[in-house]
Amino acid sequence: MATAASLVAASAAAWKVSSAGGLGSSNERFLIWCRLERRSSRRNFKTIVCAGERQKGFQQKLKEKKTSKPDDVSEATSFEVKTAKAGRETSNDEETETAGTEKVVVEPTVAENGEQDQVLEKMRSQSASISAHQEVDYVVAKQRIEEEVERFGSGRLKGKTEAADRQEDDSGGDNSTVKVSEVKDKDDVTEANASDYALKIKEIKKETEKRRRTEEEIAEAESRKRADQEATAARRWELEQILAKQQAEKKKKLEQEAKKREIELALAKERERIAKEAARKREIAKLADASAFTMSKIFYYPQKVEAGAEVEIYFNRSITVLASEDSVQIMGSFNGWRWQPFTLKLEKSELGGDWWACKVDVPKEAYRMDFVFFNGNVYENNDTKDFFVLVDDGSMDQREFENFLVLEKRKEAERLAQEQAEKDRAAAEARKLAEQRAAEEADRDEAKRIVAERRERARMVLQKALPSVPGLWDAEPTSFKAGETVKLFYNRSSRSLARSTELWIHGGYNNWQDAVSVVEKLVPSSSRSGDWCSVEVSVPKAAFMLNWVFADGPPEKASTYDNNDYQDFHMAVPEPVAEELYWADVEEQVYSEIRKQRQEREEAARKKKLYKAQKKEEMKQKTKQTFLQSQSHVYYTDPMEVNAGEPVSVLYNPQNTVLSGKPEVWLRHSFNRWTHQLSPFPPVRMKEVPSTTHLKATVEVPVDAYIMDCVFSERGDDNGGTYDNRGGFDYHIPVHGGIGKEPPMSIVHISVEMAPIAKVGGLGDVVTSLSRAVQELGHNVEIILPKYDCLKYNHVEELQEKESFGWGGTTIRVWNGKVEGLNVHFIEPQNGFFWAGCIYGRRDDGHRFGFFCNAALEFLLRSGRRPDVIHCHDWSTAPVAWLFQESYKHYALSNARIVFTIHNLEFGIAQVGKAMANANMATTVSHSYAQEVSGSPAIAPHRGKFHGIRNGIDLDIWDPFDDPYIPVSYTAEQVVEGKRAAKSELQHRLGLQQVDKPLVGIITRLTAQKGIHLIKHAIWRTLERGGQVVLLGSAPDPRVQNDFVNLSHQLKNSHNDMARLCLTYDEPLSHLIYAGADFILVPSIFEPCGLTQLTAMRYGAIPVVRKTGGLNDTVFDVDHDKDRAQSQGLEPNGFSFEGTDAAGVDYALNRALSAWYDARDWFHSLCQKVMEQDWSWNRPALDYVELYYLAKK
């Protein structure tokens, strides 16, 4: 095929020849170019025609092929179609035409159709290319002809064109060259040009017609292709139908065969079932005969009951209490009546006699089935023993089922807990939103109140405002607006600033709304004579009044002022801002500030609360760990933390117990305070641990265990021989991760004191703090207290009268309220026993408190409360012990146990002795004090139930991190800085010299018990060593009080700035002394426990004490008690002495003061250590809980 490039090349060559040969005009050259173009176009059309003829032949042969083999769709048939490939090279006058053929293979299959598509596409491409060239040639030729017609005349050119067309037709259109020499002259050239153009137009028309025919042939070929595809699809569908029919027939045949086999199998099973049924009936008949012979009331089939299967129960009604009943039902359950209860009706069986039967499905968790028979209210329960059947091959034994049951209970408990937690969360969210709304309303009210006060003050000042004071000050212009600038003039002559070198204005607006907001220097006025000065002031946009004073310098340097005789200067703004809008803006600003401050306080309180809770929990865990480690010389566990559902090894050292030297030691254990459902567990013989004196035994911990209980014996039989049970307390080890939870005990304290509402001494602190600590361990704690008329009711929440009853010749009114989170019942007899304005001090105290004890027990009985433990304290409530045994033990309070605590044996010996005789358990407030008083006639007969448990302090009340009475909060990490600030504040408040000296604090009641002669000596000794002394306390004995008053006067004269005696009770001051003192002196002659030294260590003050009672149990001398402290899991924490004379106190006090002077860094580290020790109720509360359980045993 001739390309556009070859045509252009030929035309260019012809044009060059015509130009070089000297052809006479552009017309001659143009005609030659047209001739060449025409011949090229004809050759292109010949190529198309040739391709069209070959394509037609291909389609004819394809049709014949399909006709000859219509069914052979897969046979490949190919045809060769030659397509013209034409090329032309032109050089000067000559033209060379080259043509070639290429072979195209087309098959009538799917592949053949694809090749047909390729051929058709190629033909379309060629046709489109030729058409494009022909259209271009046609347009060019037409334009040239029109130009020639205009130039030479249409008639002459037309004739020549027609002649040329005839000549071209005669020659077959095969002219290929134009000889330039034939053009003789101008006219001949013109005629030749016209003739060639006419022929070219005719050729174009013919070629267009051929192209149309070619496109029709292509369309026909495409139609045949679609027909072939449809025929192929139809044939394929026929074959698919035949194949589907064959498969359906095969499937039907297979189904028939399967059904046949199924019928055969069913027949076989039926035959087998009939045989088994016959065998079953024979076996049941035999069992029935055997049971009737032995007079058995029941039998069951099969004899081997399997979990997950069915069992038939047969009941011989005639020999039971149901013999005369019309119908019989069975009621049962599994695994000891604890799993899947059922009730079924029995039917009369086919057996002879009076046998009734039913079928029961046995669950897979069963290891035993329990049941009885009944009809209405008539029961057959095997003489109260119930009937039971053991289940074989179950997935669980009894132990596994117990664990399974516990897990099921836990799932249910978790579900309920989750529901409750969601309710609590929603309630807390609602409560939080309500509190937030209430707080915002309160903030708004406070903002309105503040703004109202400011507005009123501004109004009163505005009434005094003047536009000017002649001769003193004025303003220009006299009329101005807020937001403008005004010049103030001031005449300082005859004023306080008359001789000042500088004049300044300190100004504000709206009664000093933003304090001093204008500070400018005045300059001498050039427009006025005399001593006038002026300053330009910008009036704030929100101002309705200006306020100012004059001074001799800016605010930070001014010393002399002219403040208008303390009235300040005021001027109303002539054209002010609207006051209502201004005050509304001020209110919004004040409200925003108040709300912001509140939110900051709440966030700080939240963080502090979170920190305290975290530290409190850490201290609890540390205390438990220390306690376990301190017992390791006797026993411990591996791992130390016992986990539910896992094995644990118990290691025991008999050498430190009553089993020392025994040939064998056996571990006897259980769980959950010896109440676990799998109890009793068999004794386990302990084995030696190589290279140690310990013995070892390993046991499995149930998944529902919350505590492990142990004792040790010398034998493994029922007698056991000698036991080590820790003095009756047994050994108890907490279990972690269990799904069981220790049930709470109900504990009631009956006391005449309770901090902070009715506190006289340490008794009130113990009652409140111990109750809170035990309550935090999960137990229910209540307190019964007299309703004194001198109670501090501001510490009682939700106080309301609950009930009243008549007793003892009067009406007893009972009130209820919350104190420190504890539930408190207040007993108020209408006989006026507690309307005396005091707690102690009446001559009839014994009678009053005895009446209270009886009324408290009567209240417990009448209110339906059933406490596990009733805890009474000291001589004042000692009557509870014997009144309970005499009058209430045999009634509804019979399950209660009495625990009696002696806080100080100095008072009420007779009452204490009687209480000791009637109490189930008794305690005093420290181990050492228990030993010291155990020889007392009131205690000695009952030493077996007498125990010492030290007191603790309430970490929420005594907390330097959150103490409102000290200047700087601090923890153990900031103890140096915190105590330095507290000492400075203490010195300032008491008028002491602000020096870096050791400060000794003394906080005590001034009684002989507290060692008042040692206190006096210690004061003088401290002053001799250059230290300071602060004493806080009073004496109940007036003589002792006067003695210390005289000492106070003496110290004022001799050491006024180094010693101070505060002879009264001052709670806030006591907090500051604990925080500011370096040492706290407690030289008691005897001390049951003492809380002073414990509180001192909480605040980082080092105790200096006498070794007695609780002081000995809690203070370990840094030089002499290292081993004793280590046995308690502690480090030395203070200085102590043993004597009762001056030399004794000097020994301890001198060492303490020397440490402060000579080893300050070591002293500071000691302060930090004592702060980190736990002297709270964490450990004592655990000991009291163990005592309560011991009382219940």
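This is a predicted model: local features need pLDDT of at least 70, side-chain atom pairs count only at pLDDT 80 or more; totals for chains, interfaces and linings use all residues.
1. Aromatic pairs overall. Searching the whole structure gives 37 aromatic pairs. In one of them, Phe-334 and Phe-342, the ring centres are 5.5 Å apart and the planes meet at 45 degrees, so the pair counts as tilted. Stacked pairs need planes under 30 degrees apart and edge-to-face pairs over 60, which is why 45 degrees falls in the tilted class. Phe-334 and Phe-342 are both buried.

2. A stacked pair between distant strands. Tyr-490 and Phe-550 are stacked, with 3.9 Å from centre to centre and 20 degrees between the planes. Tyr-490 belongs to strand β13 (residues 485-491) and Phe-550 to strand β18 (residues 545-551), so that the pair links parts of the chain 60 residues apart. Tyr-490 is buried, as is Phe-550. The two rings also belong to one aromatic cluster, together with Trp-473, Trp-548 and Phe-569.

3. Charges over rings. Two cases can be checked by eye. Arg-528 lies over the face of Trp-532, 4.9 Å from the ring centre. Lys-608 places its charged end over the ring of Phe-961, at 5.4 Å from the centre.

4. The β33-β34 hairpin. Strand β33 (residues 797-807) pairs with β34 in the antiparallel sense over 8 bridges. Ser-804 has Arg-813 of β34 as its bridge partner. The hairpin has 2 residues between the strands, and Gly-808 in the turn has a positive phi of about 65 degrees. Strand β34 (residues 810-819) is mostly covered, with 7 of its 10 residues buried.

5. The β34-β35 hairpin. On to the next strand in the order: β34 and β35 (residues 822-829) run antiparallel and are joined by 8 bridges. Lys-818 has Asn-823 of β35 as its bridge partner. This hairpin has 2 residues between its strands, and Glu-820 takes a positive phi near 55 degrees. The positive phi is assigned here to a glutamate, Glu-820, and in the β33-β34 hairpin to a glycine, Gly-808.

6. A parallel pair. Strand β37 (residues 897-902) and strand β38 (residues 921-924) are paired in the parallel sense over 4 bridges. Within this pair, Thr-901 stands opposite Thr-923 of β38.

7. Helix α8 against helix α23. The axes of α8 (residues 762-776) and α23 are 9 Å apart, and the helices pack at an angle of about 75 degrees. That angle makes α8 roughly perpendicular to α23. On the α8 side the contact is made by Leu-770, Ala-773 and Val-774, and on the α23 side by Ala-1181, Tyr-1184, Val-1185 and Tyr-1188.

Methods: Residues are numbered from 1 along each chain as its sequence is written. Side-chain values use heavy atoms; hydrogens and water are left out. Rings of Phe, Tyr and Trp (its six-membered ring) pair if their centres lie within 6.5 Å; planes under 30 degrees apart count as stacked, over 60 as edge-to-face and the rest as tilted. Buried means under 20% relative accessible area, exposed over 50%, partly exposed in between (1.4 Å probe, protein chains only). A charge sits over a ring if NZ of Lys or CZ of Arg is within 6 Å of the ring centre and within 35 degrees of the ring normal. Two strands pair if DSSP finds at least two bridges between them. Axes are lines fitted to C-alpha atoms, for helices over the stretch in contact, and angles run from 0 to 180 degrees between N-to-C directions. Angles under 35 degrees count as roughly parallel, over 145 as roughly antiparallel, 65 to 115 as roughly perpendicular and the rest as oblique. Contact means heavy atoms within 4.5 Å.
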